[in-house]
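Colleague: Could you take me through this model, with the cut-offs spelled out as we go?

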Amino acid sequence: MALSCVFAFLLVAVFAVSIGTAFRGSDKFKSKQFTFECPMEYGVFANPANCRRFYTCNGNIAYDTPCPSPLYFDDAKKLCVYKSKDLQCGPVPVTTPVPTTPDPNAALSCHPSCKLPDCFCSEDGTLIPGNLLPRETPQMIILTFSGALNVLNGEPFGYLLNETRLNPNGCPMRATFFVPHEYTSYYYVQKLYGQGHEMSVQSITNREPEEFWSQASTEDWVEEVIGQKEIMHKFANVSREDILGMRAPFLKPGGNKMLEVIYDYGLDYDSSLAVPYSEVPLWPYTLDYSIPHKCLPGNCPTRSFPGIWEFPLNTYTSDDETGGSCVFMDQCVFPDDPEQIYNFLVYNFLRHYTTNKAPFVLNFHVNWVTDDAKVSALDVFIDYVLENYPDVWFVTMQQAIQWMRSPMPSEMVKSFEAWKCPRTRTPGCNIPRTCRVKLHDGSRTELRYLQLCGKCPERYPWLHNIRGTKEAKRVKDLVQKSTV
Ligand SMILES: *[C@@H]1O[C@H](CO)[C@@H](O)[C@H](O)[C@H]1NC(C)=O
Ligand SMILES: *[C@@H]1O[C@H](CO)[C@@H](O)[C@H](O)[C@H]1NC(C)=O
């Protein structure tokens, strides 16, 4: 019995090899593109035969892609990762969504009645606002950093975002930070905010498992996201009016529930929706109408949220296969060679600059700046574009929205009010205070260190206790009292 099984397997193997050889002889077939059948039209999938490779499906065409050495493809995480005992080698079953009856409240597709400044859409998401020509359009570059700012990474930002690096109007370049709470030093938040950078929200806990976020309730989003906005306001003195955006932890969007919270609590934008690779990148759009792209992470909003902007995450890639493709720069993996990383940045920049000038959003995790090769590549890249492209601007997401609401050609943008030098904000402090405070979370009690400029709270601020007081307060309890 066992023997015949082995024999059958061998037969199949021989058969497969001979087919393979037959096709290899013919130039018509790229073996790359047909040996693997895409389980879904878009996405990345394990290579069943080799844990060091995976397939990228783009419109049902599979591209065989290697993980950079020494990484392995984890089909649960959909990423190349270091080998560990949790590694999910080989395909995990694809869960096909249960067909549902059509939602009568689903957003309609882009309609000509959508007009700036409050509404912007295009059929395939690639059109420039205001019908500008690419050559008249300023190229915005938006540096975004996700993750906890603290003593491990705070100082290098001073160097990278040096005040001497200027946009064409003579004002310092600016970046956008997506700030989670745990391990964050509000001293650095206040410092970077004081310098004119934008503070946006991630969540209080950034908790795992990642799937939590796809399933989270409206109340979870309120406590986690609006709670974090309140914490940044209280402990880093970031003005509430300046906190206008969010990004879902692990880029796991919470569908309509997450958008309801953005809409109801006065945020202006989201940046959580990953987009499959396209030769012409997508512009940000408002969620009045249905999203103009495939929803790579699943669970994108399907209803209409008028006036809320979405900064989709265009997939980065490279001309050869080094680095793979990713929506967070640090998820593409490079050897520790600044030149290769630099080339990757330039290659992706040019895809925007030479097509439709869609804002080039560079997504990093904060620890990018603690890696010498990576930070030096970014450093050289910033100098290169500022020196060679007079229509390149490093702006925040809020500044990008302001331009999209009233698009104007490059030559007029130097006098654009919203891109002028930041009004002075109250600086934080030169020497932070370090508070030793207890974190109570269910039955768990831990000691935490919290860095800030103001007074120490009695407890570590946390989910359901955003003020860090003895008597816990939820966002829910505070909403009536303060205008969130
Ligand atoms: C910014 O650049 C200037 C000139 O290169 C340098 O003197 C200064 O130390 C830099 N600032 C920081 C915070 O690194
Ligand atoms: C907080 O910022 C406001 C301006 O937004 C300023 O008036 C106030 O003095 C600041 N408070 C502290 C403690 O820095």
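**Contacts, packing and ligand shells**

Modeller: Once its neighbours within four places in sequence are left aside, Ser-146 is in contact with Phe-178, Gln-202, Arg-247, His-365 and Val-366, where contact means that the C-beta atoms, placed from the backbone, lie within 7 Å. This is a predicted model, in which local features need pLDDT of at least 70 and side-chain atom pairs count only at pLDDT 80 or more, whereas totals for chains, interfaces and linings use all residues. Residues are numbered from 1 along each chain as its sequence is written, while chains are lettered from A and ligands numbered from 1 in the order in which they are written.

Colleague: Does Ser-146 count as buried or exposed?

Modeller: A residue is buried if 20 or more other C-beta atoms lie within 10 Å of its own, exposed if 12 or fewer, and partly exposed in between, with C-beta atoms placed from the backbone. Ser-146 lies in strand 6, strands being DSSP runs of E of at least two residues and helices runs of H or I of at least four, numbered from the N terminus. Because Ser-146 has 24 C-beta neighbours inside 10 Å, it counts as buried.

Colleague: Which strands are included in what covers the buried residues of helix 10?

Modeller: In helix 10, residues 397-405, the buried residues are Met-397, Gln-399, Ala-400, Ile-401, Trp-403 and Met-404. Their cover includes strand 6 (139-146), strand 7 (176-179), strand 8 (198-201), strand 9 (245-246), strand 10 (269-270) and strand 13 (305-310).

Colleague: At what angle do helix 6 and helix 7 pack?

Modeller: The axes of helix 6 (residues 218-236) and helix 7 (residues 255-264) are 9 Å apart, an axis being a line fitted to C-alpha atoms over the stretch in contact, with angles running from 0 to 180 degrees between N-to-C directions. The contact is made by Thr-218, Trp-221, Val-222, Val-225 and Ile-226 of helix 6 and by Lys-257, Met-258, Glu-260 and Val-261 of helix 7. The packing angle is about 50°.

Colleague: How many polar residues are there in the shell around ligand 2?

Modeller: Ligand 2 is surrounded by Asn-237, Ser-239, Thr-426 and Gly-454, a residue being near if its C-beta atom, placed from the backbone, lies within 6 Å. Ala, Val, Leu, Ile, Met, Phe, Trp, Tyr, Cys and Pro count as nonpolar, Asp, Glu, Lys and Arg as charged, and the others, Gly among them, as polar. The shell around ligand 2 therefore divides into no nonpolar and no charged residues, and the polar ones number four.

How values were computed
Two residues are in contact if their C-beta atoms, placed from the backbone, lie within 7 Å.
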